[in-house]
Amino acid sequence: MADVMTMEDIRAEASRLNIDLSAVDWNSVRLPPGEDFGIKSDDEDLNEEDSLEFDAGFGNIIVVDNLPVVPQEKFEKLEGVVRKIYSQIGVIKENGLWMPVEEDTGKTRGYCFIEYNTPQEAELAKEKTNGYKLDRAHIFAVNMFDEIEKFMKVPDEWAPPEIKPYTPGIYDTKVKMSLKLFGVTLQENLQHWLTDEKGRDQFVIRAGSDTEVLWNDARQVKADPVYKRPFWTESFVQWSPLGTYLATVHRQGAAVWGGASTFNRLMRYAHPQVKLIDFSPGEKYLVTYSSHEPSNPRDTHRVVLNIFDVRTGKVMRDFKGSADEFAIGGTGGFTGVSWPVFRWGGGKEDKYFARMGKNVISVYETETFSLIDKKSIKVDNVMDFSWSPTDPIFALFVPELGGGNQPARVSSNVMKFHVSLFQIPGKEELRQKNLFSVSDCKMYWQSNGEYLAVKVDRYTKTKKSTYTGFELFRIKERDIPIEVFELDNKNDKVISFAWEPKGHRFAVIHGDNPRPDVSFYSVKGGKVSKLTTLKQKQANALFWSPGGRFIILAGLKGFNGQLEFYNVDELETMATAEHFMATDIEWDPTGRYVATSVTSFLWRPRPPSFLSPEKEEEIAKNLKKYSKKYDVQDQDISVLLSEQDREKRKQLKEDWERWVNEWKRYHEEEKMERQMLRDGEASDVEEEYEAKEIEVEELLDVSEEVIQDV
């Protein structure tokens, strides 16, 4: 081990040698082999993992069936196609691809053997390509060579499999080794936090350089800590949509963390200078984004986008280009690029993602990460599009151009795959509505994908002002009927619009006054009906509870954090509160708690419930029956909180008495000094002294002035 120098020693030595440390490229410094100068690398854990063993048996061989049967003159072409597909997954051994042929005809037999360097690569190749569609007549069937013997020993009579008990945190050795190939070490059940006996939720908060995950516990005055780490991220943290992972962002790329009682690093995604990340709804994929300054100031920034497989860390597709190519659509980003660039569709199955370009919408499928039908959808002058949250349906908006006779257009398109003798993707237009004299449009999907509300700002006949109306698409109904409705005062400015989650109601903040109105509507029964209007509210944002029914009317920023909790079922205000200058409001996933903040605060999302809608409705109807056992727990919580309050008051009293006693001790220690200052008077009792007033005259200045007689 070399001698260790302090930073001061390094600066002194650099000064002696006339070396400018600020000009040194530290990334180019290389340590001698085997030397770490006592500093453990962040990558040391990878070196400590068990090295992968190369298998000399048949575990590294796969059998690919359902290949085309071709004559000898097409053999090399077919072999090249197969080699290209499977060499992307792992390293094929020399002479490791063998495709048998018929001796008499020279034609291939419709299958081949592929030998990889490691069993892990072979396992991954089987997983990735079993069911791969080479063309409409050839779908690969892939098996491990070792499995052939197992298939030959299948008994004639079926016997039920042995049921083994589930053991959390224990994984099959092959699974562990396969994932180690990609740097993943499985430590614990990643969904274990959902089994919390108290039914608590977690949240993450950042303060300064510290990032901390905590339990929200009503039984405690303070949140219960889960995991805390300084400098955990260099930019921000982000939960995955179902709460499985916590992502961190670094200069070298992104990383995801998870676990039961702690947070282990599960995977890294190399992407230098990454600035933004975005998960697919089902957490299968992670999109990373970076922007790089051009060498020529007249050129635009260069953008790099990678789509990673979250589990394996493999780059499934990358996109590179100028910032101008990715500057269309979205809500915000860096250097003119809108974010998110890609929008995911098809619900949580992560089947499709799309982006908008100039006059086109490019839709990709994740089986091959290529364009559907190998071409984009051409839509002249398309301004925006939006996916349904649950189905492979998107709505798009084409603005009005030129004269008033050319309408704006809102249409819905669906990608459906028809299983038959062959399979082709379709791009069917389901519904179209022409809108005239349009100034602007904005689309709002209901969380279940049952309704789409299109807010339409139209010009008046004079073209000097606008008014607002709504077009409601009933997506699940036959022929997708459309209903048009307007506010009582159609000239009111719409400040905010929000659907009730999983419900049929929506709320609108509207008006031009400093204190606007809030109206609630229902679309149940086939028509729009107004429930009520709340006059003159200090609100500019709406936040529905995840379970519906309750909503927060929030006055953020300029309204100084005014909050009103409203029960839409009973049409009554439950409570009011204030959080001065609050910028963010977050409901917890259960709808039991609300967090208001002016810092980075994020509840950990929960995956959807396994209960059917009928079961949830049955529980809601019989809530009193189910809640009896929780009433006792609530009473215990109340007693516990009271006890905690008493302990807190007791602690405050003890702290006060400790402070008083400390100052009494100081008072006693300084007694002699005070006596000297009082010319020997010993008493500290104020009443034993007589107050005297002494007048002191002091001549400040004398001046003489001669006044002449007039």
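This is a predicted model: local features need pLDDT of at least 70, side-chain atom pairs count only at pLDDT 80 or more; totals for chains, interfaces and linings use all residues.
Let me begin with helix H8, which covers residues 623-669: at 1.5 Å a residue, its 47 residues should span 69 Å, and the C-alpha atoms at its ends are 66 Å apart, which agrees. Within that helix there is also a kink of about 45 degrees, centred on Lys 629.

Now let me turn to helix H7, which runs over residues 613-621. Here the side chains of Lys 615 and Glu 618 meet in a salt bridge, with 3.3 Å from N to O. Why can we place these two about one helical turn from each other? They are separated by about one turn because they are three residues apart in H7. Lys 615 is partly exposed, at 37% relative accessibility, and Glu 618 is partly exposed as well, with a relative accessible area of 26%.

A second salt bridge in that helix joins the side chains of Glu 617 and Lys 621, at 3.6 Å from N to O, and these two residues of H7 are four residues apart, again about one turn of the helix. As for accessibility, Glu 617 counts as partly exposed at 47%, whereas Lys 621 counts as exposed at 66%, because the cut-off for exposed is over 50%. Elsewhere, salt bridges that share partners join Asp 196, Lys 198, Arg 200, Asp 217 and Asp 224 into one network.

How many salt bridges does the structure hold? There are 34 of them, and one that I would like to show you links Glu 234 with Arg 251, whose closest N and O atoms are 3.0 Å apart. Glu 234 lies in the loop between strands E9 and E10, while Arg 251 lies in the loop between strands E11 and E12, so the pair ties together parts that are 17 residues apart in sequence. Glu 234 is partly exposed, at 44% relative accessibility, and Arg 251 is exposed, at 61%.

My last topic is the backbone, where the general point is that most residues other than glycine have a negative phi. Phe 369 is not a glycine, yet it has a positive phi of about 55 degrees. You will find Phe 369 in the loop between strand E20 (360-365) and strand E21 (370-371). Is Phe 369 buried or exposed? Phe 369 counts as buried, because its relative accessibility is 4% and the cut-off for buried is under 20%.

Asn 381 also has a positive phi, in this case near 65 degrees, and it too is a residue other than glycine. Asn 381 sits in the loop between strand E22 (377-378) and strand E23 (384-387), and with a relative accessible area of 33% it is partly exposed.

Notes. Residues are numbered from 1 along each chain as its sequence is written. Side-chain values use heavy atoms; hydrogens and water are left out. Buried means under 20% relative accessible area, exposed over 50%, partly exposed in between (1.4 Å probe, protein chains only). A salt bridge is a side-chain nitrogen of Lys or Arg within 4 Å of a carboxyl oxygen of Asp or Glu. The expected span of a helix is 1.5 Å times one less than its number of residues. The bend at a residue is the angle between axes fitted to the seven residues ending there and the seven starting there.
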